Amino acid sequence: MTLPNAQPKASHFIDGDYVEDAAGTPIPVIYPATGETIATVHAATPAIVDRALESAVRAQAQWAATDPVERGRILRRAADLIRDRNRELSVLETLDTGKPLQETLVADATSGADALEYFGGLAADVTGTTMQFGGDWAYTLRKPLGVCVGIGAWNYPTQIACWKGAPALVTGNAMVFKPSETTPLCALKVAEILHEAGLPAGLFNVVQGMGEVGSALTTDARVAKVSLTGSVPTGRKVAAAASEGMKHVTMELGGKSPILVFDDANIDDAVSGAINGNFYSSGQVCSNGTRVFVQDGMFQDFLKRLKARIGAATIGDPMDEASNFGPMTTQAQMEIVLRHIQTARDEGAAVHGGQRLDRDGFWIEPTVLTDLTDDMTCVREEIFGPVMSVLSFATEEEALARANDTQFGLSAGVFTRDLARAHRVATAFEAGTVWINQYNLTPAGMPFGGSKASGIGRENARMAMDHYTEAQTIYVGMGPVEAAF
Ligand code: NAD
């Protein structure tokens with residue numbers, strides 16, 4: 001099959017236009033389903049980074065002074081354009097990541113559009129508070145931070161650009177966004193569409209590059225905030241570097257999230273939740289519930305149904321809308337996941353699936369690990385691939401203790417028909433986002449983010465606007481000023 005042309009007009013998008021600087025290190029863009037190179041971009045040179053930041057600084061003050069309703073209107077127009085071009089953007093997302101078109105048509109550009117529309121609608125609702133002190137009073141304003149940097153992971157390149165860009169822009173900031181070096185294409189389209197919707201030049205710039213470009217942006221004195229989506233080790237580095245400059249941070253990092261399935265749960269819903277929470281996007285989802293604890297009475301039946309459902313997966317050409325399971329996004333990630341599966345085998349796990357598929361590209365079967373103990377590597381470490389660990393438990397207390405026994409705290413899920421238990425367990429989870437009888441749904445109006453090592457701050461919902469603004473307090477003296485002398 002001939003693939004659509006994926007080569008962007010140029011590597012970067014700065015000051016309202018595509019910009020090239022071929023002096024930067026070439027970065028091949030590889031289609032994960034076949035392993036072929038479909039485009040090449042160049043990493044940003046220091047000159048490109050400087051140009052992006054300069055244009056952001058230039059544009060931001062005027063933007064902050066723009067009527068928020070107008071800011072919101074531009075974002076909502078961009079949302080409409082994204083929806084109009086959903087198929088084209090979904091194909092690009094599939095080329096960039098390898099995720100099946102069946103997924104990208106409903107989960108990527110559409111999720112980005114939701115964020116732009118949601119925040120666009122809230123534009124005029126960024127408000128402070130007032131406080132009365134006798135006759136005197138004080139009020140707070142929410143002020144934009146200035147130039148914000150967004151750094152993306154490779155699993156959701158369109159969504160991440162929009163989830164960071166929308167709240168930043170609507171509150172009057174400019175953004176310089178660096179996509180992951182392995183999926184550099186989609187954010188360029190987001191920038192193009194934002195400008196087509198009327199966003200003034202310089203407010204959403206995209207520069208390509210590896211970690212060193214992200215690092216140059218993070219440490220630049222012109223930058224007020226860094227929002228990273230990435231792994232915990234990268235998060236530690238970026239947060240440490242940002243703290244040197246006393247910059248604001250949002251850290252959306254990795255996880256090893258638990259799903260607890262109680263005996264009284266609707267078993268088919270629970271199996272569906274576990275499938276969605278492990279095999280969607282071939283398991284490359286930060287919030288995945290990769291430790292599935294099933295109560296003793298349901299354990300065997302759960303496994304039987306799970307394996308039968310996995311057998312019905314349509315693993316194939318991501319561009320074929322009938323396919324519902326695609327490749328890993330990179331060869332390197334495929335190798336990491338295969339190593340994890342081998343380690344699990346070596347440590348005594350029973351492996352269902354676990355093979356690399358004999359075809360071009362980076363394909364691994366959906367995999368289920370059983371015969372596990374909580375201390376095994378596959379149960380403790382994030383694998384970031386289609387690998388589910390299934391464990392059994394006896395009591396609620398035991399399951400919760402085991403679920404929370406991890407450095408991570410991104411997400412968690414519970415399946416039960418017992419209302420009181422559902423809420424008791426949900427609130428006892430040490431996790432930023434919890435689903436009851438559902439998994440991995442992230443509507444734009446709902447805060448999303450992690451606790452413990454999984455992150456700082458929240459994306460989406462009104463909360464995200466707080467993370468892109470800071471309070472200024474203004475005290476108003478209404479009477480005479482008294483002094484000691
Ligand atoms: P990664 O940490 O390797 O890279 C993330 C981004 O950080 C990339 O753009 C990379 O170039 C950049 N980077 C690397 N070193 C840097 C440095 N020193 N300074 C600044 N930037 C630097 O992550 P990845 O492999 O792209 O993505 C997978 C990870 O992301 C997983 O751990 C996954 O759980 C996590 N993730 C989290 C969320 C979330 O919302 N919590 C969403 C998606 C992915």
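## A salt bridge to start with

Glu430 and Lys452 join their side chains in a salt bridge, with 2.6 Å from N to O. The term salt bridge is used when a side-chain nitrogen of Lys or Arg is within 4 Å of a carboxyl oxygen of Asp or Glu. This pair links distant parts of the chain, 22 residues apart: Glu430 is in the loop between helix 15 and strand 19 (433–436), and Lys452 is in strand 20 (residues 451–452). Helices (H or I, at least four residues) and strands (E, at least two) are DSSP runs, numbered from the N terminus.

Glu430 is partly exposed at 39% relative accessible area, and Lys452 is partly exposed too, at 37%. Here buried means under 20% relative accessible area, exposed means over 50%, and partly exposed is in between (1.4 Å probe, protein chains only).

## What you are looking at

This is a predicted model, where local features need pLDDT of at least 70, side-chain atom pairs count only at pLDDT 80 or more, and totals for chains, interfaces and linings use all residues. Residues are numbered from 1 along each chain as its sequence is written, and side-chain values use heavy atoms, with hydrogens and water left out.

Side chains of opposite charge can pair when their charged atoms come close. The structure holds 26 salt bridges. One of them is between Glu396 and Arg424, at 2.8 Å from N to O. Glu396 sits in helix 14 (residues 396–404) and Arg424 in helix 15 (residues 419–428), so this pair ties together parts that are 28 residues apart in sequence. Glu396 is buried, with 15% relative accessible area, while Arg424 is partly exposed at 43%.

Lys99 and Asp108 also meet in a salt bridge, at 2.8 Å from N to O, and both of these residues are buried.

## What the UniProt record says

An unreviewed UniProt entry places "domain: Aldehyde dehydrogenase" at residues 19–474. Its positions follow the numbering used here, feature names are shortened, and annotations may be inferred rather than shown by experiment. In the model, that span is 42% helix and 21% strand, and its end C-alpha atoms lie 42 Å apart.

Which residue does UniProt list for "active site"? The unreviewed entry gives Glu252. You can find Glu252 in strand 11 (residues 248–252), and with a relative accessible area of 4%, Glu252 is buried.

Most residues other than glycine have a negative phi. Asp15 has a positive phi of about 55 degrees, although it is not a glycine. Look for Asp15 in the loop between strand 1 (12–14) and strand 2 (17–19); the residue is partly exposed, at 35% relative accessible area.

Ser281 also has a positive phi, near 55 degrees. Its place is the loop between helix 10 (267–279) and strand 13 (291–295). Is Ser281 buried or exposed? At 1% relative accessibility, Ser281 counts as buried.

Val207 and Val19 are 188 residues apart in sequence, yet 9.3 Å apart in space, C-alpha to C-alpha. Val207 lies in the loop between strand 9 (204–206) and helix 8 (211–219). With a relative accessible area of 0%, Val207 is buried.
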